[in-house]
Amino acid sequence: MDLIPGTLDILILKALSWGPLHGYDIVEEIHGRTGSLLRVEEGALYPALHRLERRGLLGAEWGVSANNRRARFYKLSAKGRSHLRAETTQWLAYTRAVTALLQSA
Amino acid sequence: MGRERTRWRGFRLLLSRARIAEEVDEELAFHLDRRAAELEREGLSPEAAREEAERRFGDRERVRRECIDLDRKRVQAMKRREWFNGLKGDVRFSARSLRRSPAFSLTVIATLALCIGATTVIFGVVDGVLLKPLPFAAPERLVRVYQSSPENGITRSPVSFPDVQDWRARDHDFQSLGAFFYSEGLTGVDLTGAGPPQRLSAAYVDGSFFPTLGTSPQLGRWPAKDEQIPGHDQVVVLSAAAWRRLLNGAPDPVGRTLTLEGKPFTVIGVLPDRFPVPGERVDVYLPLSLITEDQVGHGRQSRWLGVVGRLAPGVDLSRAATSLDRIAGALAKEHAEDRAFNHAQLLSLHESVVGAVRAPLLLVLCAVSLILLIACVNIANLMLARAAGRQHELTVRSALGASRWHLARQLLVETLTLSLTGGALGVALAALSLPVARSLSRAMVPRLDDVRLSVEVLGVAAAVSIATGVLFALAPALLGSAATRYESLRAARTASAGGLKARSALVVAEIALAVILVAGASLASRSMWALTRVDLGFQPQGATVVSYHAHADNSEGIAQRHREILQAVRALPGVTQVGGAKELPLEAMGEDTAFSLPGRPPPAPGAEPHANVLHVTPAFFEALGIPLLRGSGFPPHDPPAFATFLCNETFARQYLGGLDGAGRSIHIYGMDMPVVGIVGDARQARLGEPAPALLYINMLENPRSLINLVIRGNAPPLELTREVRKAIASIDPEQTLDRVTSMEQIVDDALAPPRLVTVVMVVLGLLGLLLGAIGIFGVLAYFVGQRRRELAIRLALGAQREVLLRSVLGRGLALAAVGIGVGLVATLVATSVAGSLLYGLAAQDPPTLAFVCVLLLAVAAIASYLPARRATRVDPAEALRAE
């Protein structure tokens, strides 16, 4: 499935909430954790990552990947963590309301 | 976590544009390689895998560009934040470092505050008076026009009515000409029916006056053309001040009626604030048509009008001046009355308003700027001495990794802190002093109301503060011992000889300047002191002055009015004496009249002796305390067709052969008239000038409308004036008073110009003294700093500390002596040029100059003491170890 516009950011943040990842692994993580339902458009990912980094929600470091290559790892910052919490609450409330409406006869 | 990240990221701030691009490329390449590898694992060929990976990625170029752009912005933001943090750190460091040397910091700040404050005040005055254009449309095209008569030595004469009309008709270099009639203190109208009667200062203007100037009234309108006709001209335009004073600034003054000279006048407009033409104290503007032929002749020989003009487009001042001059010459040939007044003079309107004060103001501005400049060099010197003492700290910081830029930036922050603080204090000082400056210069400097701390003035103050701060930071670099590097520590010692010489020369110059300024201040003060003790020839204490214009149909009526009022005032219980005069001492000079001495051959025309004739009442001399030396006072009545005269001592000595001449006659007004008495000399024109030859005539027999009553009494002044007002009102309730003041106030007003000069000179003198002291201090501090090693060796070898102290002191005093010498010479030269401005003492007044020398030596000694003491405190062991 394609992503609903505007949800990429929150997915990235959530993906990083379990630990630092580089861009490729973020795609795989989201794909994996959503039961292979959501595939992130790879062209959109990196601008989103850099945008989040600029906003201070992520931090970035060059590190070594699993196969010994230099990769840029992203990590959730404290600001990012609280942003994730707030957005999650809002998202859940929103979808609950929409779901309730759509499911009523 | 956070701090670690910040430090880690600190190093990454050095990312350049190229590096950012590199990193983005590497990141994207990593992703694509992983994707391609994954696809290969799923069975595609390497090329197909790569192709598919790229396809899935999307527009790689766009992504790349977007990421680079985002990163760049992020890095920029981070750099900005770090720069700010660095700045904050510098500010805190500077504050601490300045607090640790309070003497230095306070000296610098105080000096800057005083100098910047003084400069700001003077510049504020210059800006408001000289730089601000007049409040009219295209003010640079406005001119003031005069007639002139070179053969009579008159350059700026008023113009006659027919001449203005002819000029208008013939001259096409002017877009328009406007005429007005105004004489301060003389043209006025009585306002009645609105509270106590009062006299308003009036200017009479023709229909072109306001349109020529090109401005709009604040309220209402200007008089229309058909309101310049007798019978239709009872309209008045109020000045802004008069509107506020008379109508309390009521929002609807237009249409109201004011009773002027007994007739109703309709208010048709209110002028904008601060209207400078024709004068700053005009209350009301009335149509010129109100001046009738019998009040002032309208013939060609009667010159009473002031003229303003607006140049036609494309015409410049010199061209208009030439053409008008030609027309004036032509008119002089056509009309006999104009024969002598055959030239015209043009002056830009701005110049006519402020021209008189331009030179003195600019002179003072230059002086103050010079002082500021010297203060800056002084402070730079002090900075250097301080920097020399901070070598150790600087080298340690340098070794710890602070770049030259960082050290320089910190120094800049420090100097800017000092200079901006000094500047802010200076502006505060200026704001406080500006009202004082204004009140001191009132009546001497025009357009004072325009003087304030405007945006431009504050901008200049800010610019000066910033510039001085930058200058001080640059000083170490410019003055040659920018030793922030370790190795140049050693070099600094030997390279100092040239530096010391330059500094010493500078201090000598400062001391010389200080001598000139202090001498000027002392001479001005002593001159002022002498002026206040001058023998006036009359008694100003306890003399109240009440002035008014009497109105009557003929001169007999005027005399009658004066007599009645004098009688009524004299009858008051608290009054001991009352007299009156048209021309009071120190205010007016009387009527310049030619006369001759009977029994002598009549002198050639143009070579007759002249004397000023003053109009006084018989009791005037008694009331003012002028003694009657010989002869008698005025008889109660003059014989018919005769006038009796009194004269003053100077006149008697010059023309009557001394005090015994009482009773002799002079030939004046076409007849021989007796001079029945001689009175003492009283200063008439200026405090500083001895009385000229004066004649007195009885103004009750030769009436003049204006009279200044001089009243002496037992009651306190307020009570006295109240009683006098009541007495005058009892004679005529509609009688207006021009003013109520005292002779003491009049004498004080006469002292105002020299007072202003003295204050300015004293301020400059004190500043000069301060600078000289700081200069000596700075040079000696530098000297001691440079010679630490030598002093230490001398101490170690057993030299007495007192000897060292004396040697340093001696050096300071020697410098001062040289400076004083140079300064004295300069002072003697300067005062020989300006000696005429002083009263009561020779310009080269030895006691004053001696005082100046002693004062400066004392100041030099004090300023030398501190560095000298520091020299004796040098610890030999420590100083030698530091090498």
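This is a predicted model: local features need pLDDT of at least 70, side-chain atom pairs count only at pLDDT 80 or more; totals for chains, interfaces and linings use all residues.

Me: How many residues does chain B give to the contact with chain A, and how many come from chain A?
Reply: About 2,800 Å² is buried between chain B and chain A. Of that area, 51% is on carbon and sulfur atoms. The contact takes 25 residues from chain B and 27 residues from chain A.

Me: How many salt bridges are there between chain B and chain A?
Reply: A search over all chains of the structure gives 55 salt bridges. Between chain B and chain A there are 14 residue pairs in polar contact, both residues being at pLDDT 80 or more. The salt bridges between chain B and chain A number 8.

Me: Which element gives the most to the side of chain B that touches chain A?
Reply: The polar contacts between chain B and chain A come to 14 residue pairs. On the side of chain B that touches chain A, the elements giving two or more residues are α1 (2–12), α2 (17–41), α3 (46–57) and α4 (60–100) of chain B. With 11 residues, the one that gives the most is α2(B).

Me: How many residues on the side of chain B that touches chain A are nonpolar, how many polar and how many charged?
Reply: The elements that give two or more residues to this side include α3 (46–57) and α4 (60–100) of chain B. The residues of the side of chain B that touches chain A divide into 15 charged, 9 nonpolar and 1 polar.

Me: Which residue of chain B meets R72(A) in a salt bridge?
Reply: Side chains of opposite charge can pair when their charged atoms come close. The salt bridge has an N to O distance of 4.0 Å, and the partner of R72(A) is E27(B).

Me: Which residues are joined with R72(A) and E27(B) into one network of salt bridges?
Reply: For comparison, R653(B) and E649(B) also meet in a salt bridge, at 2.6 Å from N to O. Those two lie in helix α18 (residues 649–655) of chain B, 4 residues apart, about one turn of the helix. In the network, salt bridges that share partners join R72(A) and E27(B) with E53(A), D71(B) and R74(B).

Me: What pattern does chain A follow along the sequence?
Reply: Chain A has 105 residues, of which 42% count as buried. Its C-alpha trace spans about 55 × 30 × 20 Å along the principal axes. The secondary structure of chain A comes to 4 helices and 3 strands. Read along the sequence, the pattern is α-β-α-α-β-β-α.

Me: Is N68(A) buried or exposed?
Reply: N68(A) is in the loop between β2 (58–64) and β3 of chain A. Its phi is near 65°, a positive value in a residue other than glycine. The cut-off for exposed is over 50% relative accessible area. At 67% relative accessibility, N68(A) therefore counts as exposed.

Me: Is L586(B) buried or exposed?
Reply: L586(B), found in the loop between β15 (575–581) and β16 (591–596) of chain B, has a positive phi near 70°. Most residues other than glycine have a negative phi. The relative accessible area of L586(B) is 11%, so the residue is buried.

Me: Which residue forms a salt bridge with R245(B)?
Reply: R245(B), in helix α8 (residues 240–247) of chain B, is 38 residues from its partner, which lies in the loop between β10 (263–270) and β11 (284–287) of chain B. The closest N and O atoms are 3.4 Å apart, and the partner is D283(B).

Me: Which residue does a cis peptide bond join to V277(B)?
Reply: Most peptide bonds are trans. Here omega is about -10°. The residue in question lies in the loop between β10 and β11 of chain B. The cis peptide bond joins V277(B) to P278(B).

Me: Which residues does K132(B) touch, not counting those up to four places away in sequence?
Reply: K132(B) is in the loop between α5 (102–131) and β1 (142–149) of chain B. Its relative accessible area is 19%, and buried means under 20%, so K132(B) is buried. With that exclusion, K132(B) touches D127(B), H350(B), R447(B), R452(B), S454(B) and E456(B).

Note on methods. Residues are numbered from 1 along each chain as its sequence is written. Chains are lettered from A and ligands numbered from 1 in the order in which they are written. Side-chain values use heavy atoms; hydrogens and water are left out. Contact means heavy atoms within 4.5 Å. Buried area is the accessible area (1.4 Å probe) that two parts lose on being put together, summed over both. A salt bridge is a side-chain nitrogen of Lys or Arg within 4 Å of a carboxyl oxygen of Asp or Glu. A polar contact is a pair of N or O atoms within 3.5 Å; within protein, one must be able to donate a hydrogen and the other to accept it, and residues adjacent in sequence count only if both atoms are side-chain atoms. Ala, Val, Leu, Ile, Met, Phe, Trp, Tyr, Cys and Pro count as nonpolar, Asp, Glu, Lys and Arg as charged, and the others, Gly among them, as polar. Buried means under 20% relative accessible area, exposed over 50%, partly exposed in between (1.4 Å probe, protein chains only).
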